[in-house]
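Open the model in your viewer and keep the sequence panel beside it. The stops below say what to select and what is there.

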Amino acid sequence: MTVTTQPLALRVDVPIACFRKSRAREYAETYPVPPPSTIYGMLLSLVGEMNRHKHCGVKLAISLLSKPQQSTVIRTFRRFKKKEIHDPTNARPDYQELLTNIQFVVCIDAGEDTAQPTLPERLRDALTNPSTVRRFGGLCLGESRDLINSVSIVRDKDKNNPLQWLEQNEDGLLTLPYWVDHIGSKGTRWRRYHLMQPSKEWQPSQQSWTTIQSA
Amino acid sequence: MTFHLFGNILTSYGTAANNRGENEGNITTLQKILWQNEVRTTVSAEAIRWALRYYWQTAGNNYRVNRQWNDEKNDNVWQNSNFDDSAFIDDDVLGFMRAEGAKTEASDEPKAKGKKAPKGTTTAKRGVLEVTRAVSTIPYAGDITFNAASGQKGRTSLYGTEVHGTRYQYGFALTPDRLKEKSRIIAVLDGLTSLGEVGGNHSRFLYDFSPDSIILRWTHDFSPRILYAFEEDEAGNISVPELLRRIEDEDIDPTELWVAGAIAKTEEGDQLEECGVNILGGIKKLVEQLKRTIARDLELSKEELG
């Protein structure tokens, strides 16, 4: 296994996805960027880790490489109204926002991740030797059908492209979750962010880093 | 050591209409999304998964399907509402979920000391097969047909329908280790390469989704790198520039790729072959070859191979 303390930078390409807003109910709105909690979940899935607390303390910095386009479709949503599973009232059509052409970079720093090996080390190892990874399910971001097309370590030639960093800002208009509680939402935690103007600066600033931690 | 099967399927050219869109006045619309700065029509993953289940139900291959479609009632009928992923292929491959909410809201009731808050229960299995949304290969130009309902005419008999003459492409991913019976990967391949009826008039029953060209990847890699790889130019020529670039960049090992159909007979097909891709004109023949490789890697018996 390669052990290095350098942050790892990954380039991720997702053709279609919806990052459903935490408070969206009947109209499934999407965040314009993948939230830190969603990306953390995807990284755990990539290395086949089922315990989401395992790498708490890891730090993520996210930046968009593309300008995703937003569309609205109508689709069937499932809900629990009647015990009989195929009761027609358990399904209803509703609108959902979709993003297409999502390309982003995520930098992963071990931070206070005390697990051995740390998440960036496991990721680096998985990307170098995919055959050693025991994992399951299509690698996705958002819903399970929203498959990721590719995940690769950032190469020097990628660095010619401008990118938009997501920076923490207490007056920012984007409130994104960095930890999600799936049973109720008492433990869900958000931070406020601002999506910066496109720049060629590939080094994340201090405000770009978000520490993943449970409540 | 985990094997994954990824695929990208391109359908034949056909006329799609009424793909589960909403109505606007008396115009039946198509579902549309923005794709590479253009408006494309789209078919949901659920419609494709529905068709796969219907294929298993009607294929006459001893597949046992839990959620069966009743053509007379126009509705689904469950064989076992508690689900059984050993007995039923659709429960195993496509997953299920049965959720029951808590009888009282946890936050409303003051919790007695030592008593746990009421909770709901879930019986669920994540679908092993993931299918992506299908996207048209060319933009929607706005074609509409003008129709009249048959029989007695009334004030709602006249209607319009958006129609798109196009091909669609969609992807899928499957990790056979997660199947209760690994050999069901063969039934998934058979189903997806024979899929007849997905989108189209009356929701699901007209547009032919059998592949005209197919790219499959049998690999340890966790991301497919082949999704939406087909491109169509204004003259209707199909190409795979992104796939060739990824092979050139050594992001994909060409020997993991299995390509068949119309794309095999093009110049790019020749280039793929030179790179070492497994390529054939006949989709069924190529899939048979891939099945043998899968059976070897997963140590399936001859009977399981079917």
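A residue counts as exposed when its relative accessible area is over 50%, and as buried when that area is under 20%. The model is a predicted one.

**Stop 1: a loop in chain B**

Select Gln36(B), in the loop between β5 (32-35) and β6 (38-43) of chain B. Its relative accessibility is 52%, so Gln36(B) counts as exposed. Check its backbone too: phi of Gln36(B) is near 50 degrees, a positive value in a residue other than glycine. Most residues other than glycine have a negative phi.

**Stop 2: chain B as a whole**

Now colour chain B by secondary structure. It has seven helices and 20 strands. Of the 306 residues in chain B, 52% are buried. Take the contacts in chain B between residues at least 6 apart in sequence: 67% of them join residues at least 24 apart.

**Stop 3: the largest nonpolar core**

Which residues of the largest nonpolar core touch the most other members? Select Trp56(B), Val93(B), Leu129(B), Tyr170(B), Leu195(B), Phe209(B) and Trp218(B), out of 51 residues in that core. Helix α1 (residues 45-58) of chain B gives the most to this core, with nine residues. In soluble globular proteins, nonpolar side chains tend to be buried together.

Centre on Trp56(B) and show its surroundings. Leaving out residues up to four places away in sequence, Trp56(B) touches Tyr63(B), Val65(B), Ile89(B), Asp90(B), Val93(B), Leu94(B), Ala187(B) and Val188(B). Another core, of 42 residues, lies apart from the largest one; among its members are Ala17(A), Ile39(A), Leu64(A) and Leu166(A).

**Stop 4: a helix pair in chain B**

Select helix α3 (residues 184-194) of chain B together with helix α6 (residues 283-298) of chain B. Their axes come within 10 Å and cross at roughly 165 degrees. An angle over 145 degrees counts as roughly antiparallel, so α3(B) is roughly antiparallel to α6(B). The crossing of α3(B) and α6(B) is right-handed.

Show side chains for the contact. From α3(B) come Ile185(B), Ile186(B), Leu189(B), Asp190(B) and Thr193(B). From α6(B) come Ile283(B), Val287(B), Leu290(B), Lys291(B), Ile294(B) and Leu298(B). By class, the contact of α3(B) with α6(B) has eight nonpolar, one polar and two charged residues.

**Stop 5: a helix pair in chain A**

Move to chain A and select helix α1 (residues 36-47) and helix α2 (residues 119-128). Their axes are 9 Å apart, and the packing angle is about 50 degrees. That angle makes α1(A) oblique to α2(A). The crossing of α1(A) and α2(A) is left-handed.

In α1(A), pick Tyr40(A), Leu43(A), Leu44(A), Leu46(A) and Val47(A); they meet Leu119(A), Arg122(A), Leu123(A) and Ala126(A) in α2(A). The residues of the contact of α1(A) with α2(A) divide into eight nonpolar, no polar and one charged.

**Stop 6: backbone features in chain A**

Go to Pro117(A), in the loop between β4 and α2 of chain A. Is the peptide bond from Gln116(A) to Pro117(A) cis or trans? It is cis, with omega near -5 degrees. Most peptide bonds are trans.

Next select Asn101(A), in strand β4 of chain A. Phi of Asn101(A) is near 60 degrees, which is positive in a residue other than glycine. Asn101(A) has 35% relative accessibility and so counts as partly exposed.

**Stop 7: Gln103(A)**

Strand β4 (residues 91-109) of chain A also holds Gln103(A). Apart from residues up to four places away in sequence, Gln103(A) touches Arg11(A), Val12(A), Asp13(A), Leu64(A), Leu65(A) and Ser66(A). Draw a C-alpha to C-alpha distance from Gln103(A) to Lys59(A): 20 Å in space, for 44 residues apart in sequence.

**Stop 8: two long-range pairs in chain A**

Select Gly142(A), in the loop between α2 and β5 (150-153) of chain A. Gly142(A) counts as partly exposed, because its relative accessibility is 40%. Beyond its neighbours within four places in sequence, Gly142(A) is in contact with Cys18(A), Phe19(A) and Thr38(A). Gly142(A) and Pro34(A) are 108 residues apart in sequence, with 8.1 Å between their C-alpha atoms.

Finish at Gln6(A), in the segment before β1 (8-17) of chain A. Gln6(A) is exposed, with a relative accessible area of 54%. How many residues along the chain separate Gln6(A) and Pro120(A)? They are 114 residues apart, and their C-alpha atoms are separated by 8.7 Å.

Terms used: Residues numbered from 1 in each chain as written. Chains lettered and ligands numbered in written order. Predicted model: local features only at pLDDT ≥ 70, side-chain atom pairs only at ≥ 80, totals over all residues. Heavy atoms only, no water. Axes fitted to C-alpha atoms, helices over the stretch in contact; angles between N-to-C directions. Helix = DSSP H or I, 4+ residues; strand = E, 2+ residues; numbered from the N terminus. Parallel < 35°, antiparallel > 145°, perpendicular 65-115°, else oblique. Left-handed = near helix turned anticlockwise from the far one by under 90°. Contact = heavy atoms within 4.5 Å. Nonpolar A, V, L, I, M, F, W, Y, C, P; charged D, E, K, R; others polar. Core = buried A, V, L, I, M, F, W, Y, C linked by side-chain atoms within 4.5 Å. Buried < 20%, exposed > 50% of the residue type's maximum accessible area, 1.4 Å probe, protein only.
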